[in-house]
Amino acid sequence: MAPRIQRLPETLANKIAAGEVVERPSSVVKELVENALDAGASRVEVRLTGGGRDRVEVRDDGEGMGFEDARLSLERHATSKLRSAEDLFAIRTLGFRGEALPSIAGVSRMTILTRERGSEEGTRVEVHGGRILRHEAAGVPAGTTVRVEDLFYNVPARRKFLRRASTELGHATEALVRIALAHPEVAFHVWHEGRAVLDAPAGADPKERIAALLGRELYAHLHPVEGDLGEVSVRGHLASPEVTRASNRGLYVYVNGRFVSDRQVSHAIRRAYGELIDRGRSPVVVLRISLPPAAVDVNVHPQKTEVRFADGRKVYAAVVQALERTLARAPWAGISRFDAPGTDGAGADAPLTGVRAAAPTAAAHLARVGEALQAYGEGLRLRRSPSPGASPPAVPHAVDLFAPPGRGSKAAGYFSRLKAIGQLRAKFILCESEEGLVVIDQHAAHERVEFERLREAWRRRAVAVQRLLVPETVDLPVALAERLERFLEPLGALGFDLAPLGGGTLGVSGVPAELTGPSLRQTLLDVAEELAEVGDTSRFERAVDGILATVACHSVVRFGDLLSLEACQALLDRMDGIPRGANCPHGRPVAFALPERELLKRFGR
């Protein structure tokens, strides 16, 4: 009987391998750029067409390849980076398996142009679907250029799962940002269909590179992290606690120069921040962990984004200690604005834009709050605790923000039956009920009220827009700006009048009328995070509640806002007129009840 088990043809094996290594155009970009860095490149250029679906071209000035090496690079498990099994425990390069190039070539039309440094003649190789069509000498520049066209052209089932060009471009840009953050000594230039989307010159210090890629306004809020625990070295930068994200997309962790997604390290970062950031928020951290190659296994996942530590506890402890050392010093204290590199403090009197001050008690901020309340025609009796020895700042009294429609009517529900008797540390409203004491989270309560009002306005397509007298410009990470640009029209219906200006910069001409305070950039960052899982405008409705919750969060009273008893009572009255009033839009509880009998028991009565 003839054997049933047969060796697969090389082309079919490469297609199967591509399923693990090549997920989408961003995978191609990542693998080719990492090859360029392993080749010692000091400049990497990336050109994309159709978000990378139609073409990905990566050009570097690295050491290049000779005539035979160019052909051998297309054979599976052919690599210059390993020689023996022992080398697997001393990996210092980004690539090492010899899988990426043949896998990509197996599902695309690939052209390789390469010339070794010092060589007078270069090489040209053309491959279609894994078959080498041309291998010849050619006059080409020193270094290597790899052009990948028509990705998955011979695997239609895979190609149909690729998303629209703008979505794929966002993924490709994020892949490049992850690499560029770890290599400030290398210049990265990226174009999409002739338009520059990322420009990161070489030689920038790590802090400047972070600001260039994640947002220029982040610069003044980045603080160095440094710590060592045995052979584990931790270096990088963290952003002050007021700069947060709605997801962990602000965490960039590198192990021996390789970007990784590691739950253990992410947990260590969150533990170090502790209560400094709100629950459900994530900090912005760029962290480089260095340890002996033998102490970490990078041969865990085909895409090499997962690692296994020989001593995970030590790495965890090293991360926590390094971050806590910086966080304990609170170096951000006193920061009231963003400074971009090279401004020398220019614009010191400019209001803070893009983040919320950790302790916004300055008179200038109070004046802006009062002016904002007057400008929108509604407000609350708002005061701040003065600094010791200072007089309370004058804040204009406006119409009560919490008053329900039809002011004469009062709902007869649970919250309206409570009697506001004061505030605790300008964070919680203390109420007397028939059963005892009720503590209300003032921010969560107002957030729920505003969220329901916004949601009703959205249902009626009547979200009010505040036109800005002077349009603002907001710098965002390129990938997040690209994401917002895909949804300009539906975001306009929510009150955001945005215009792309290129390079991650957006022009803002209008915002939801309720959006006040110095949080426009942070709001746009959070909106972009809410849109992360939305593929196209037809699915925009899925993200609406999250976006409305973001707008509500940035539009209402915060911890530190002193409220009059009249304002507290009006907020309680409003809560009975909305659904799901017991929780904020993010699911946190609004109220905590302490029955009188429990109080009596506590006092032994």
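Lys-30 is buried in this predicted model, with a relative accessible area of 17%, where buried denotes a relative accessible area under 20%, exposed one over 50%, and partly exposed anything in between, as computed with a 1.4 Å probe on protein chains only. The side chain of Lys-30 meets that of Glu-31 in a salt bridge, with 3.7 Å from N to O, a salt bridge being a side-chain nitrogen of Lys or Arg within 4 Å of a carboxyl oxygen of Asp or Glu. Glu-31 is buried as well, its relative accessible area being 5%. The model is a predicted one, in which local features need pLDDT of at least 70 and side-chain atom pairs count only at pLDDT 80 or more, while totals for chains, interfaces and linings use all residues. Residues are numbered from 1 along each chain as its sequence is written, and side-chain values use heavy atoms, with hydrogens and water left out.

Under the salt-bridge criterion, the count comes to 31. Side chains of opposite charge can pair when their charged atoms come close. One of these pairs is formed by Glu-57 and Arg-55, whose side chains meet at 3.6 Å, N to O; Glu-57 counts as buried at 6% relative accessibility, whereas Arg-55 is partly exposed, with a relative accessible area of 25%. A further pair consists of Glu-452 and Arg-448, the closest N and O atoms of which are 2.5 Å apart. Both Glu-452 and Arg-448 lie in helix 11 (residues 442–459), where they are four residues apart, about one turn of the helix; helices (H or I, at least four residues) and strands (E, at least two) are taken as DSSP runs and numbered from the N terminus. Glu-452 is buried, with a relative accessible area of 8%, and Arg-448 is also buried, at 5%. Elsewhere, salt bridges that share partners join Arg-55, Glu-57, Arg-59 and Arg-147 into one network.

An open sheet is formed by three strands in the order 22-24-23, with antiparallel pairing, two strands being regarded as paired if DSSP finds at least two bridges between them. In this sheet, strand 22 (465–475) and strand 23 (497–502) are the edge strands, each of which pairs on one side only. Neighbouring strands of the sheet are turned by 15° against each other on average, with direction ignored; axes are lines fitted to C-alpha atoms, for helices over the stretch in contact, and angles run from 0 to 180 degrees between N-to-C directions. Strands of a sheet pair through backbone hydrogen bonds, either parallel or antiparallel. Seven bridges join strand 22 to strand 24 (residues 505–512), the two running antiparallel, and the bridge partner of Glu-472 in strand 24 is Val-508. Helix 14 (residues 520–530) packs on the sheet and touches strand 22, strand 23 and strand 24, its direction making about 80° with that of strand 22; contact here requires heavy atoms within 4.5 Å.

Ala-318 is found in helix 9 (residues 312–329) and is buried, with a relative accessible area of 2%. When its neighbours within four places in sequence are left aside, Ala-318 is in contact with Leu-229, Val-232 and Val-234. Ala-318 and Gly-227 are 91 residues apart in sequence but 6.9 Å apart in space, from C-alpha to C-alpha.

For disulfides, defined as pairs of cysteine sulfur atoms within 2.5 Å, the count comes to zero. Cys-431 is in no disulfide, the nearest cysteine sulfur, that of Cys-568, being 7.4 Å away, and Cys-568 is likewise in no disulfide, with the sulfur of Cys-431 as its nearest. Cys-431 counts as buried at 0% relative accessibility, and Cys-568 is buried with a relative accessible area of 0%.

Positive phi values in residues other than glycine were found at Asp-150, where phi is near 55°, and at Glu-193, where phi is near 50°. Asp-150 is located in the loop between strand 6 (143–149) and helix 5 (156–159) and is partly exposed, with a relative accessible area of 27%. Glu-193, in turn, is located in the loop between strand 7 (187–192) and strand 8 (195–200) and is exposed, with a relative accessible area of 52%.
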